[in-house]
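This report goes through one structure, heading by heading. The sequence and the structure come first.

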Amino acid sequence: MLPLRTSAPPPPCPAGERAVFQPRSATFQQEVGEDIRDVLEAALLQHSCLSRGDWLSVGHGGQSYDLKVCGLHPEAAVSVIDTGRAGG
């Protein structure tokens, strides 16, 4: 009989304050235009946390765009659920 391995759950990720994304397509910002914040926020609703190096698929206008998570604050992995950030 094999011993059961148990481990403590990982600590929760801190609330994200800022994220930097790099689109795979050079035309992403131009094609999304002024709606970029709304498009990104809608895409983040599909996730509970982000880690530096993750890739997100963002849909807009019938197109799908891939964005790499290049930077996060305050940690390299953050929660995007109920961060307490107000729009604006």
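How many salt bridges does the count come to? The count comes to two salt bridges, a salt bridge being a side-chain nitrogen of Lys or Arg within 4 Å of a carboxyl oxygen of Asp or Glu.

## Basis of the model

This is a predicted model, in which local features need pLDDT of at least 70, side-chain atom pairs count only at pLDDT 80 or more, and totals for chains, interfaces and linings use all residues. Residues are numbered from 1 along each chain as its sequence is written, and side-chain values use heavy atoms, with hydrogens and water left out.

## The sheet

Helices (H or I, at least four residues) and strands (E, at least two) are DSSP runs, numbered from the N terminus. Two strands pair if DSSP finds at least two bridges between them. Three strands make up an open sheet with antiparallel pairing, in the order β1-β4-β3. At its edges are β1 (18–23) and β3 (55–60), each of which pairs on one side only. On average, neighbouring strands of this sheet are turned by 45° against each other, direction ignored; axes here are lines fitted to C-alpha atoms, for helices over the stretch in contact, and angles run from 0 to 180 degrees between N-to-C directions.

Six bridges join β1 to β4 (residues 63–73) in the antiparallel sense, and Val20 stands opposite Gly71 in β4. The pairing of β3 with β4 is antiparallel too, over six bridges. His60 has Gln63 in β4 as its bridge partner. β3 and β4 form a hairpin with two residues between them, and Gly61 in the turn has a positive phi of about 60°.

## Helix α2

Which strands of the sheet does helix α2 touch? Helix α2 (residues 36–44) packs on the sheet and touches β1, β3 and β4, contact meaning heavy atoms within 4.5 Å. The direction of helix α2 makes about 125° with that of β3.

The closest N and O atoms of Glu41 and Arg37 are 3.1 Å apart. Glu41 is partly exposed at 38% relative accessibility, as is Arg37 at 42%. Here buried means under 20% relative accessible area, exposed over 50%, and partly exposed in between (1.4 Å probe, protein chains only).

## Around Arg24

The side chain of Arg24 forms a salt bridge with that of Asp66, at 3.9 Å from N to O. Arg24 lies in the loop between β1 and α1 and Asp66 in strand β4, so the pair ties together parts that are 42 residues apart in sequence. Arg24 is exposed, with a relative accessible area of 56%, whereas Asp66 is partly exposed at 31%.

Arg24 also lies over the face of Trp55, 4.2 Å from the ring centre. A charge sits over a ring if NZ of Lys or CZ of Arg is within 6 Å of the ring centre and within 35 degrees of the ring normal.

## The aromatic pair

The structure has one aromatic pair. Rings of Phe, Tyr and Trp (its six-membered ring) pair if their centres lie within 6.5 Å; planes under 30 degrees apart count as stacked, over 60 as edge-to-face and the rest as tilted. Phe28 and Tyr65 form the pair, edge-to-face, at 5.2 Å centre to centre with 65° between the planes. Phe28 is in helix α1 (residues 28–32) and Tyr65 in strand β4, 37 residues apart. Both Phe28 and Tyr65 are buried.
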